[in-house]
Amino acid sequence: MTADTKKEALGFQTEVQQLLDLMIHSLYSNQEIFLRELISNASDAADRLRFEGLQEDSLFEDDPELKIRVEYNKTQKTVTVLDNGIGMSRQEVVDNLGTIAKSGSRQFFESLTGDQTKDSQLIGQFGVGFYSSFIVAEKVEVFTRRAGLPREEGVHWVSDGKSEYTVETVDRPKRGTKVVLYLRKEAKEFLDGYRLRSIIGKYSDHISLPIVMPKEGKDEKGEDTVNAALALWTRNKKDIKDEEYNEFYKTVSHDFEDPLCHVHTRVEGKLEYTSLLFIPARAPFDLWDREQRHGVKLYVKRVFILDDAKQLLPPYLRFVKGVVDSDDLPLNISREILQQNKVIETIRSACTKRILDLLKKLAQKEPDKYKQFWQTFGRVMKEGVIDAPDKREDLAKLFRFKSTHEDTEEETVSLDDYIARMKEGQKAVYYVTAENYATAKNSPHLEIFRKKGIEVLLLTDPIDEWLVAHLAEYQEKPLSSVTKGELDLGDLADEKSGDEAEETGNEKLEEFTKRVGEVLDERVKEVRITRRLTESPACLVADEYGMGRHMEQILKASGQQIPMEKPILEINPDHPIVGKLQDEEDETRFGDWANILFEQALLSEGGQLEDPAGFVHRLNSIFLELK
Ligand code: ADP
Ligand code: MG
C-alpha cells in the first residue's frame, strides 16, 4: 500500500467545522432537507457523467442507465442515497468533502437570520448541501469511485461531523457514489418508506432522472420509480399546473419561494428549441456580482450541457432562471464554441425579447407584482441601457422612477406616465440626480419647476447618472438635468421672466455678481443671475456639457481621481439676502456672506464642505452681529 492509498485521518477546514456545528445545533427544525441536497448532488453527478461521456463513451462502463436509488435499513438505522454518476477520486473527496471550495461559505454565514426554517433554505444556494447530512446523521460514510478509474481506486470516507474525517482507498466495482447516513435517535422518523417517498415527491419530482426505492412490504421484490422523472419543459404547457412550474423553479434555482412569473415557449421551424424562463421574487445573494453564475441551464436534446450559460441571456438579465433545450446544437459543444455560435445568438436574442415582453405584460396586468420586481431587480435592468444600445427604448419603457408627481418615495412613475403629463410647450423630460430622496426632492433647483407645476424625476441610484447619459432621450424627448447648463424652459417661461431677463442686465446686479465672483474666484467658475430659484438664495449648476455635480461626487466617493470642474454659482436676485448683500460695504463681511452663499448651495445639493469649521466660523461671526 502506498502513502496515498492508506487510511489517513484529516481535519476539516475551519469553515467546515463551523458549518457542521451550525447544522447540528441550529438547523434541526427542518431536517428533511438533507434528502433534497443529497439527491441534488446525485443528479449533478449524473449530469456531469452524461456531459463527460459525450467525449468519452467508455465512462459509462457497462452501466448506461443513470439513476438515483434511495434505501433505508431499520435495523442499522441508516438511510442511503446511491448514484451511478461521475463519482469522485480520492483527491476530489478530500477537496469536496473536507473543505468549502467556493466563496459561498462566508456569504452563507453572513446571510443567516437565526430563523431555522429560513436558514435551512439557504443551504442549497451556497454550495454547502452535502454537510446537511449531519443534521440527521451522527456518522456519515461515503463510498465512491470516479468513472474511468480502475476499481481498486475507490474511496471510503467516514466522519462523525466533529472535527475529523478519514479517507481510505478501497475496491469499488461500481462507479458513482453511495452516501450512508447513520441516523441520530431524534431523526429515526426517516426510517419510513412513505415518509421518504413523500419528501422526494416534494423536492425532487423534477429531477429529470429516475429516483427509485425498493418496493415496500416484506415479500416485495424490485423497485419503484418515485419521482415523475420527466423533464418538465418537454411537456405540453396546457398540461402543466402552476404548482408544477413553481416546484420545477425551486429545483433549478435553489430558491425556496415561488417565482414571480414564467414564460414557457416551444419554437419550431428552422431552429427548434424550448425555453422555460422564470423571474424570481427575491434577489440572490450575489446579484451585484456581474460575474455571478447565471441561472439558465443549457440542454441539448434533453442532455444537460452546462449551467451558468452566460451566453443565453445578457448580463442585465442575469437574475432570470430556467432552462433552454436546443435540438440544433451539437452535443459536444464547448463553452468556447458557445461564444460565437449562430444558434446561440438567435436563441439569446429571442429569449431576451421574451423576458422583456413578459415584464411588459406583468407591468400592465399585475402592477403590484411589477413593483416588487422593479424594487428587486430594477437596478440590474438599468445596466441594460449601457450594455445594449439597441434595446434602450424597450428597456426604458420598463423603467420606474421616483418623481415630484408622487408624494412618497415608494410610488414610482414610468417615462410614459411622465410624457402623458407633460405641460403644453414642455420639450424635455426633466430630472435631478442626488444621493437620496430627501436631497433630490428638496433641491433648490426644483423651485421653479414646482412653481410652474412641471414634474421632475428624482433619480437617486448611483447608476442613474450613467443611465441618463446613455439613454439621452425617450420617445424623442430629451432627458434634461435641472442642474446643468442655463435653464431654458422654452415656451414655459412666462411673460414676466422676459422683462426680468432684461433686468438682469441691471448694473447694480452685474456689479454684485462680479464682486461675489472675485471673492469666490478659487471656488467657482462663474457667478450669474438665475430665474430657477424662488425660495433659495443660490444654487450650484454644472456646465451644459460637463459631467454633472452628482456624478463627480460619485466618482470621488469611489476613490477615482477626476479633475473637479468648478461649478457655476447661480444667484436668485429676488431673495432678501441677496437684496441686503448688494448694499454691504464692509469687505470682510461681504466675503463671509459670499462664501456662505456658496457653501449653503453646496450643502443643499448633498455636497461636502472642504472646510466645515471655516463655514461654522463664518456663520457664527454673522450671528454675533445680529441685534
Ligand atoms: P454543491 O453541490 O453546491 O457543489 P455540496 O456541498 O452539495 O455543494 O457538494 C460539494 C461537492 O461535493 C460537489 O460540488 C461535488 O463536487 C461533490 N459531490 C457531492 N456529492 C456528490 C456525488 N453524489 N457524486 C459526485 N460528487 C459529489
Ligand atoms: Mg449540492
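Which residues line the second largest cavity? The views below take up this cavity, then another, then a helix pair.

**View 1. Lining of the second largest cavity in the predicted model.** Val541, Ala542, Asp543, Gly546, Met547, Gly548, Arg549, Glu552, Glu565, Lys566 and Pro567 form this lining, and they divide into 4 nonpolar, 2 polar and 5 charged residues (Ala, Val, Leu, Ile, Met, Phe, Trp, Tyr, Cys and Pro count as nonpolar, Asp, Glu, Lys and Arg as charged, the others, Gly among them, as polar). The volume is about 60 Å³. A cavity is a set of points on a 1 Å grid over the protein atoms alone where a 1.4 Å probe fits but cannot get out, and lining residues have an atom within 4 Å of a point.

**View 2. The largest cavity, with a volume of about 110 Å³.** Among its lining residues are Val432, Thr433, His445, Arg549, His550 and Gln553; α19 (549-557) and β16 (429-433) each give two or more residues, and α19 supplies the largest share, 3 residues. By class, the lining holds 2 nonpolar, 7 polar and 2 charged residues.

**View 3. Packing of helix α11 (residues 367-387) against helix α16 (residues 464-471).** The axes, lines fitted to C-alpha atoms over the stretch in contact, lie 9 Å apart at an angle of about 40°. Lys382, Val385 and Ile386 of α11 meet Asp464, Trp466, Leu467, His470 and Leu471 of α16, where contact means heavy atoms within 4.5 Å.

Residues are numbered from 1 along each chain as its sequence is written. In this predicted model, local features need pLDDT of at least 70, side-chain atom pairs count only at pLDDT 80 or more, and totals for chains, interfaces and linings use all residues.

Key. Chains are lettered from A and ligands numbered from 1 in the order in which they are written. Side-chain values use heavy atoms; hydrogens and water are left out. On a 1 Å grid over the protein atoms alone, a cavity is a set of points where a 1.4 Å probe fits but cannot get out, and a pocket is an open set with protein on both sides within 12 Å along at least five of seven lines; lining residues have an atom within 4 Å of a point. Grid points are joined across faces, edges and corners, and a volume is the space filled by probe spheres set on the points. Helices (H or I, at least four residues) and strands (E, at least two) are DSSP runs, numbered from the N terminus. Axes are lines fitted to C-alpha atoms, for helices over the stretch in contact, and angles run from 0 to 180 degrees between N-to-C directions.
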